[in-house]
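Hi everyone, thanks for making time for this. Let's have a look at a structure together and walk through how its pieces sit against each other.

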Amino acid sequence: MIQADSAESSRGGSGVRAGASTRALFLIRSLETGGAERVFSLYVNHMVAIEPVPVLQAPIVSEGNRLRKGLVARASLDGGGEGGVSAGLRRVLSRLPLLERLVEARRIARIARREECRLLCSFLLKSNRVAALAKLFFLSDLPLVVCVHEMLSLHLESAHRSAASRTLHRWIARLVLREADRIIAVSEGVRLDLTERLGASPEKIVVLPNPVDREAVLAAAARPPSEDPWGEGAGARIVAVGRLVTIKGFDLLLRAMAALPESPGARLALIGEGPERGELENSAERLGLGDRVRFLGELSRPWTVIARADLFVLPSREDAAPNTLAEAMILGLPIVAADCSPGVREMLEGGAAGLLVPPGDPDALALAMERLLGDRALRERLAARASERSRAHDLEGAVRLFEEILLPLMDRDNHSRSTAL
């Protein structure tokens with residue numbers, strides 16, 4: 001069992017609190033740094049009408065995704081104690097992936113039964129797979145809601161090298177979508193991807209943009225950083241945020257930085273941690289960027305840095321509806337983003353709230369950055385539109401809509417009617 005710490009902000013204590021009759025199990029791989037993980041913690045921390053029972057597949061909780069005081073996250077497999085398995089059995093199961101998933105699904109089902117949960121809700125593909133198995137084999141009477149935060153068809157294509165592996169995992173994804181009573185897509189682009197490429201039933205899908213805690217972002221941004229992240233003598237200040245993995249495209253951003261003229265003194269602060277940090281640092285050195293790039297690692301309050309930038313850049317190869325983009329919009333930053341998904345295009349209104357460039361093209365990225373840094377009027381116009389557009393990610397409204405999606409499914413008398421809507 002994982003005892004959660006208090007969250008930085010929580011409105012969950014106000015209003016009429018939920019009881020056992022509205023208890024729901026919420027499943028995610030972990031609460032490490034990540035956009036979907038942040039959304040999970042925001043929903044769970046701010047619910048009023050539903051009593052959440054959070055379950056993590058791996059007992060990892062980052063500073064920015066901690067749960068509110070008094071809320072306990074259970075472990076489905078990793079670690080000993082309640083809900084966990086021994087280290088020895090865990091090693092055996094790791095060699096038998098399907099059996100491991102079935103054991104995990106059974107343990108999730110046991111937690112759901114013991115806690116008298118009326119619904120199972122999962123986030124991201126790995127958790128959605130296990131949740132679908134739990135529904136299929138152990139919880140046939142329990143409604144299942146899956147939250148899709150990725151362009152799933154593209155993710156499956158990029159994640160599996162062999163044709164056989166891609167075929168198998170597409171079949172599994174279709175099984176997940178079939179077993180779900182509701183599917184929450186974070187953008188219209190994700191909805192179209194699920195229906196047109198993976199055969200999901202359109203009647204099951206609800207589009208709900210990711211929530212962002214505007215008050216927390218603005219409050220944190222008001223605090224000055226302990227030191228200048230860009231260093232003395234910086235001209236234009238550029239910032240990018242995300243996990244340091246290939247899909248986020250930070251290698252492309254480094255190449256774009258190398259192509260930028262040095263006269264504006266542009267420097268990049270890169271916020272995030274991940275397995276490719278060493279390679280990215282080596283690449284920055286090979287490109288001769290020197291002190292023009294600073295790797296800041298993971299920050300518990302990245303908004304203090306983001307708010308002081310002149311330009312926010314999203315260089316992703318693929319990104320369905322990134323939270324960091326919404327946060328930059330709240331802070332009123334001019335944005336250059338790779339047009340890597342319909343979700344990013346939606347968020348930036350097709351270029352009205354930020355410059356869009358072809359994904360995977362560092363030269364186009366450099367040209368857009370140079371253009372924006374050299375045109376103050378354009379920066380101000382795009383920043384103002386981005387700030388206005390960010391209202392679509394209002395936290396309180398998103399939590400209310402999220403609960404309104406789940407609550408009808410939790411009424412057992414109305415369950416058969418609601419799944420047919």
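Here is a question to start with: at roughly what angle do the axes of helix H14 and H15 cross? Before I answer, some housekeeping. This is a predicted model, where local features need pLDDT of at least 70 and side-chain atom pairs count only at pLDDT 80 or more, while totals for chains, interfaces and linings use all residues. Residues are numbered from 1 along each chain as its sequence is written, and side-chain values use heavy atoms, with hydrogens and water left out.

Now the answer: helix H14 (residues 362-373) and H15 cross at roughly 100°, and their axes come within 6 Å. That makes H14 roughly perpendicular to H15, a label for angles of 65 to 115 degrees, with under 35 degrees counting as roughly parallel, over 145 as roughly antiparallel and the rest as oblique. On the H14 side the contact is made by Arg371, Leu372 and Leu373, and on the H15 side by Leu378, Arg379 and Leu382. Contact here means heavy atoms within 4.5 Å. The axes are lines fitted to C-alpha atoms, for helices over the stretch in contact, and angles run from 0 to 180 degrees between N-to-C directions. Helices (H or I, at least four residues) and strands (E, at least two) are DSSP runs, numbered from the N terminus.

The residues in contact include Ala132 and Leu136 of H4, and Ile172 and Leu175 of H6. The crossing of H4 and H6 is left-handed, meaning that the near helix is turned anticlockwise from the far one by less than a right angle; clockwise would be right-handed.

On to the sheet. Which order do its strands follow? This open sheet of six strands runs S11-S10-S9-S12-S13-S14, with parallel pairing. Two strands pair if DSSP finds at least two bridges between them. S11 (293-297) and S14 are the edge strands, each pairing on one side only, and the twist averages 20° from one strand to the next. Strand S10 (residues 267-271) pairs with S11 over four bridges, in the parallel sense. Ile271 has Gly297 in S11 as its bridge partner. Helix H12 (residues 323-330) lies across S9 (237-241), S12 (311-314) and S13 (335-338), and runs at about 165° to S12.

Finally, the charges. How many salt bridges are there? The count is 22, taking a salt bridge as a side-chain nitrogen of Lys or Arg within 4 Å of a carboxyl oxygen of Asp or Glu.

One of them joins Glu349 and Arg385, at 2.5 Å from N to O. Glu349 lies in the loop between helix H13 (342-347) and strand S14 (355-357), and Arg385 in helix H15 (residues 376-389), so this pair ties together parts that are 36 residues apart in sequence. Glu349 is partly exposed at 28% relative accessible area, and Arg385 is partly exposed too, at 26%. Buried would mean under 20% and exposed over 50%, with partly exposed in between (1.4 Å probe, protein chains only).

Arg101 and Glu100 form another salt bridge, with their closest N and O atoms 3.3 Å apart. Glu100 is buried at 8%, whereas Arg101 is partly exposed at 22%.

That's my tour, so over to you!
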